[in-house]
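Hi,

Here is the structure I said I would pass on.

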Amino acid sequence: MVTGGSRGIGRAVATRLAAEGMPVVVNYKSNSAAAEDTRAAIEAAGGRCELLPFDTSDPTAIETAVEQWQAGHPDDYISVLVNNAGIRQDNIMVFMTDEQWHSVLDTSLDGFFYLTRRLVKSMMTHRNGRIVNVSSVSGLKGMPGQCNYSAAKAGLIGASKALAQEVAKRKVTVNVVAPGFIETDMTQDIPIDEIKRMVPMGRIGKPEEVAALVSFLASDESAYITGEVISINGGIL
Ligand code: NAP
């Protein structure tokens, strides 16, 4: 399952995992047209995809959606969870509204908690699971104008490291990817030329590059890696 799989990084991750033979469940919030495009692209390439819309910040919606999915797949469980859904609501701290603070934390951090708590049980029972959480360079270094986003993304890192230790014996790994600037709708409004000067490689990243990393962390080959944060940012230190 990939949350926020209708667009951007999540779409690239879902497409990559499907190309590797995994049936994927693509979550999104409201952009059904984009989600249908993701599904069509996966199916055209011979992959399997189903859509499961829910708002990651709504625990009741998560419970209902997961129950509904499980009822339709009584013999299956979600063995790979990519917590990717996220939003930006930038503002400097002195002007930040409660809404801006909570919406960002609720979507990324609370969403990770509600959904992972629900799905990790089956992974533990089956003694097999991969959880990959999408943080950000902002969660590692902090970014001005992003106290909410930096807090959400740093929180994901702490929670991932704790959870990794809780579930390691059951062969469930929990890792974090921390992208820098990646070309998606989320970064449409950033001054690209200025950003390129900040990045040693002189370019912004592609969603497919993040997807390749997530795919490795979701594979059997990464079995001995857990509790790690891997940056993917063109050399920003
Ligand atoms: P994006 O292009 O804006 O796509 C966001 C995705 O998240 C969409 O699929 C959206 O669904 C979904 N989403 C948003 N709120 C949701 C909610 N409440 N419930 C369920 N789904 C929700 O973003 P992106 O750039 O691909 O970012 C993906 C992740 O990478 C985010 O966590 C972001 O913070 C992180 N990240 C991005 C960058 C970057 O430079 N782009 C860098 C570092 C980290 P709808 O289509 O329905 O709106």
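One term before the details: a polar contact here is a pair of N or O atoms within 3.5 Å, and within protein one must be able to donate a hydrogen and the other to accept it, while residues adjacent in sequence count only if both atoms are side-chain atoms. With that in mind, a polar backbone atom of N31 sits 2.8 Å from an oxygen atom of the ligand.

Some housekeeping. This is a predicted model, where local features need pLDDT of at least 70 and side-chain atom pairs count only at pLDDT 80 or more, while totals for chains, interfaces and linings use all residues. Residues are numbered from 1 along each chain as its sequence is written, and side-chain values use heavy atoms, with hydrogens and water left out.

Back to the ligand. I9 also has a polar backbone atom 2.8 Å from a ligand oxygen atom, and for N84 a backbone N or O atom lies 2.6 Å from an oxygen atom of the ligand. On its own the ligand exposes 890 Å², and the protein buries 95% of that (areas by the Shrake-Rupley method with a 1.4 Å probe; for residues, only the protein chains shown count as cover).

The space that the ligand takes is the largest pocket. A pocket here is an open set of points on a 1 Å grid over the protein atoms alone, where a 1.4 Å probe fits, with protein on both sides within 12 Å along at least five of seven lines. A molecule sits in one if more than half of its atoms lie within 2 Å of its grid points.

T184 belongs to the loop between strand 5 and helix 7 (192-198). T184 is buried at 17% relative accessible area, and its side chain reaches the backbone nitrogen of M186 at 3.1 Å. For the cut-offs, buried means under 20% relative accessible area, exposed over 50%, and partly exposed in between (1.4 Å probe, protein chains only).

Elsewhere, N133 in strand 4 (residues 129-134) is buried at 0%, and its side chain makes a polar contact with the side chain of N83 at 2.8 Å.

Finally, two backbone angles to look at. Most residues other than glycine have a negative phi. R127, in the loop between helix 4 (98-126) and strand 4, has a positive phi near 50 degrees and is partly exposed at 45%. K171, in the loop between helix 6 and strand 5 (172-179), has a positive phi near 60 degrees and counts as exposed at 56%.

Cheers

Conventions:
1 Å grid on protein atoms, 1.4 Å probe; cavity = no way out; pocket = protein on both sides within 12 Å on 5 of 7 lines; lining within 4 Å. Helix = DSSP H or I, 4+ residues; strand = E, 2+ residues; numbered from the N terminus.
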